[in-house]
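Q: I would like to go through this structure with you. Could we start with the charged pairs and then move on to other features?

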Amino acid sequence: MVKAIYIRMPRCGSTSLVSFCQTKKVKYFGGWDMGLWCREIGWRRNSGLFRSSKSTSKFLYKCVLNHVGEKAYKENFTFSSVRNPYSRAVSMYKHPSWKSVKTFKQFCGSIKKNLYPSEAAEWHTSSLTEHLVDKDTLKVDFVIKLENFQQDFNMVCDKIGIPHTKLPHKNRSNHKPYTQYYDDETRQIVSEKYARDIEYFGYEFGA
């Protein structure tokens, strides 16, 4: 088995990366309703956070670390994936867990007020930094940016010692360019909601 762990963040190309992990027998862990994590570890709903039975941490990386052990976590090459929050918000809105919301403006109003139609919808709107960054320190070895998907993934292949593999683009969203969903109000909401993600990973609107 390849000595690597993929920490799966929603709406960040994770379906394609999990497909790769399954083929190469790379360990992967996700969150609410995301497959192996729930079956293998058994997250429980508790006070608004999804927590492992072995952890009281809100950080997904920390739950994985507690599950596999600190030694194994350090010995494996850990990686995750991120995405421009403005684009990711449109992908969240298009996810089936938000099907009760009819417009993107309504979606933005809901996340501003922390009103979610389901636990799955809440999980899909998690910020990236809240699960991957602790005290301004990135807690995985590498992040793949969806905007440089294949190029960054090739770097992961180099790190874990396998030939470059062309990633399939699974679960592709069919919608117009994300910038066309926004007006001044919705852009402000998303800017505030995901301010730390935008700053930490160096994103901007329209890029």
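A: K74 and E70 both lie in helix 4, 4 residues apart, which is about one turn of the helix. Helices here are DSSP runs of H or I with at least four residues, strands are runs of E with at least two, and both are numbered from the N terminus. The model is a predicted one, in which local features need pLDDT of at least 70 and side-chain atom pairs count only at pLDDT 80 or more, while totals for chains, interfaces and linings use all residues. Residues are numbered from 1 along each chain as its sequence is written, and side-chain values use heavy atoms, with hydrogens and water left out.

Q: What do K74 and E70 form, and how far apart are the closest N and O atoms?
A: They form a salt bridge, with the closest N and O atoms 3.1 Å apart. The term stands for a side-chain nitrogen of Lys or Arg within 4 Å of a carboxyl oxygen of Asp or Glu.

Q: Why might residues spaced like that point the same way?
A: An α-helix has 3.6 residues a turn, so residues three or four places apart point the same way.

Q: Is K74 buried or exposed?
A: K74 is exposed, at a relative accessible area of 63%, and E70 is partly exposed at 47%. Buried means under 20% relative accessible area, exposed means over 50%, and partly exposed lies in between, using a 1.4 Å probe and protein chains only.

Q: How many salt bridges are there in the whole structure?
A: The search finds 6. One of them joins E75 to K71, with the closest N and O atoms 2.6 Å apart. E75 and K71 are 4 residues apart in helix 4, about one helical turn. K71 is exposed, with 62% relative accessible area. Salt bridges with shared partners join K3, K71 and E75 into one network.

Q: Where does K3 lie, and what does its pairing with E75 tie together?
A: E75 forms a salt bridge with K3, the closest N and O atoms being 3.7 Å apart. K3 lies in the segment before strand 1 (4-7) and E75 in helix 4 (residues 70-75), so the pair ties together parts that are 72 residues apart in sequence. E75 itself is partly exposed, at 40% relative accessibility.

Q: Turning to the sheet, what is the strand order?
A: The open sheet has 4 strands in the order 2-1-5-8, with parallel pairing. Strand 2 (27-29) and strand 8 (142-145) stand at the edges with a single partner strand each, so one side of each has no neighbour in the sheet. The twist averages 25 degrees from one strand to the next. Angles run from 0 to 180 degrees between N-to-C directions, and axes are lines fitted to C-alpha atoms, for helices over the stretch in contact.

Q: How many bridges do strand 1 and strand 2 pair over?
A: They pair over 3 bridges in the parallel sense; pairing requires that DSSP finds at least two bridges between two strands. I5 has K27 in strand 2 as its bridge partner.

Q: Which helices lie across strand 1?
A: Helix 1 (residues 14-24) lies across strand 1, strand 2, strand 5 (77-82) and strand 8, and runs at about 155 degrees to strand 1. Helix 3 (residues 60-68) lies across strand 1 and strand 2, at about 145 degrees to strand 1. Contact means heavy atoms within 4.5 Å.

Q: And helix 10: which of its residues are buried?
A: In helix 10 (residues 184-193), the buried residues are T186, I189, V190 and S191. They pack against helix 5 (85-94), helix 6 (104-112) and helix 11 (195-200). At the start of helix 10, a side-chain oxygen of D183 comes within 3.1 Å of the backbone nitrogen of E185.

Q: How many disulfides are there?
A: The search of the whole structure finds 0 disulfides, a disulfide being a pair of cysteine sulfur atoms within 2.5 Å. C12 is buried, with a relative accessible area of 0%, and C108 is also buried at 0%.

Q: Last topic, the backbone: what is the phi of N114?
A: N114 has a positive phi of about 55 degrees although it is not a glycine. N114 is in the loop between helix 6 and helix 7 (119-124) and is partly exposed, at 49% relative accessible area.

Q: What about K135, and where does it lie?
A: K135 has a positive phi of about 55 degrees and is not a glycine either. K135 lies in the loop between strand 6 (133-134) and strand 7 (137-138), and is exposed at 74% relative accessible area.

Conventions: A polar contact is a pair of N or O atoms within 3.5 Å; within protein, one must be able to donate a hydrogen and the other to accept it, and residues adjacent in sequence count only if both atoms are side-chain atoms.
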